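Here are some comments on the model you sent. Please read them with the structure open.

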Amino acid sequence: MVSAPSYDPNRLASHDTGAVNRAWTELNDDPDRPLTNRAIGGDLYPPGSAFKLVVASAALETGEYTAETEIPGPGTYDLPNSSAVMNNRASGGTEPCGPDDASTLADALRQSCNTSFALLGTEVGEDALRETSEEFGFGQRLEIPLSVTPSSIGDELDAAQIATTSIGQYETRVTPLQMAMVAGAFANDGVVMEPQLVQAVRTNDLSTVAELSPKELGQPLTAANAAQMRQMMVGVVEDGTGTAAAIDGVEVGGKTGTAEWGEDRAAHSWYVGYGQQEDQKIAVAVLVEQGGYGSRTAAPIAKDVMEAVIQP
């Protein structure tokens with residue numbers, strides 16, 4: 001777990017009360033907010049296209065879709081009861097997703113087609129999206145043992161809001177930890193585990209007081225559907241928007257995100273995914289504030305993190 005910018009906690013642990021107070025004031029006044037643990041709290045972030053992993057999972061769980069199901073993906077989409085028009089590409093491009101404005105679900109994820117997932121989320125519906133996201137951990141108050149701010153999607157969504165929610169915008173807000181939990185579920189046969197930072201608590205003579213006991217938090221999708229998601233996510237890394245996260249000889253699956261969060265502001269950059277080779281496994285979520293395209297900024301960082309754990 002990393003949050004940057006950080007700070008030196010020794011400045012707050014001095015016996016010089018005046019120095020501690022000055023350091024505390026300085027840190028709180030810093031506009032870069034170094035005291036905020038961005039991995040688990042703060043203002044949270046729109047996940048952008050990384051949320052398409054949740055939408056795809058919800059679709060598979062309905063039993064009406066597979067990775068090879070053809071779904072529409074026009075170049076633009078007029079949002080229902082709205083004057084707003086959604087472009088298909090994060091860059092603003094209006095190229096359709098596949099010939100005849102349609103593609104398979106797998107190709108839509110690989111290309112990160114906005115209109116495909118806006119229409120898919122609208123078809124799946126708010127209830128299914130909410131139920132699936134909650135199974136991934138959205139809305140739950142976690143203690144790791146630090147308190148984690150719950151991730152959320154909006155309430156009582158109309159059709160246009162469901163469409164924008166389905167591409168990780170509108171009121172969808174997440175922590176990087178929550179998105180790492182999403183990634184981990186796919187590599188764990190659809191089961192979300194409760195995250196923990198502390199492996200064991202020991203006394204001064206190293207006697208164990210308590211040990212980490214793995215706990216299941218939810219199961220948003222079946223093992224079979226998790227396997228389909230892994231297959232699609234590997235496609236993203238092998239021949240889609242996530243190629244910068246690829247590691248030779250390692251199964252790497254993921255999803256990039258480019259999340260808009262205000263006018264005249266650079267988008268946040270996301271990469272969410274997993275890497276595994278035999279018994280070496282890692283789930284990762286990288287968020288770079290105002291980093292731009294996830295494919296360019298977050299994905300290479302994720303590769304470095306995964307390579308530190310998995311040795312091909």
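In which sense do strand 11 and strand 12 pair, and over how many bridges? Point 1 takes this up. Keep in mind throughout that this is a predicted model.

1. **The strand pair.** Strand 11 and strand 12 run antiparallel, and nine bridges join them. Strand 11 spans residues 251-259, and strand 12 covers residues 268-277.

2. **Cover on strand 11.** Strand 11 is mostly covered. Of its nine residues, eight are buried.

3. **The loop between these strands.** Aspartate 264 sits in the loop between strand 11 and strand 12. Its phi is near 60°, a positive value in a residue other than glycine. Buried or exposed? Aspartate 264 has 84% relative accessibility, so it counts as exposed. The cut-off for exposed is over 50%.

4. Leucine 44 belongs to the loop between helix 1 and helix 2. Its relative accessibility is 12%, so leucine 44 counts as buried. Buried means under 20%.

5. **Helix 2 against helix 5.** Helix 2 (residues 52-61) and helix 5 (residues 126-136) have axes that come within 9 Å. The axes cross at roughly 115°. The two helices are therefore roughly perpendicular to each other. Helix 2 passes helix 5 in a right-handed crossing.

6. **Who makes that contact.** Helix 2 contributes Val54, Val55, Ser57 and Ala58. From helix 5 come Ala128, Leu129, Thr132, Ser133 and Phe136. How do the contact residues of helix 2 and helix 5 divide into nonpolar, polar and charged? Six are nonpolar, three are polar and none is charged.

7. **Cis peptide bond at proline 5.** The bond from alanine 4 to proline 5 is cis, with omega near 5°. Proline 5 lies in the segment before helix 1 (17-29).

8. **Cis peptide bond at proline 145.** Isoleucine 144 and proline 145 are joined by a cis peptide bond, and omega is about 10°. Where is proline 145? The loop between strand 5 (142-143) and strand 6 (147-148) holds proline 145.

9. **Why list these backbone values?** Most residues other than glycine have a negative phi, and most peptide bonds are trans.

Notes
Residues numbered from 1 in each chain as written. Predicted model: local features only at pLDDT ≥ 70, side-chain atom pairs only at ≥ 80, totals over all residues. Heavy atoms only, no water. Buried < 20%, exposed > 50% of the residue type's maximum accessible area, 1.4 Å probe, protein only. Helix = DSSP H or I, 4+ residues; strand = E, 2+ residues; numbered from the N terminus. Pairing = 2+ DSSP bridges. Axes fitted to C-alpha atoms, helices over the stretch in contact; angles between N-to-C directions. Parallel < 35°, antiparallel > 145°, perpendicular 65-115°, else oblique. Left-handed = near helix turned anticlockwise from the far one by under 90°. Contact = heavy atoms within 4.5 Å. Nonpolar A, V, L, I, M, F, W, Y, C, P; charged D, E, K, R; others polar.
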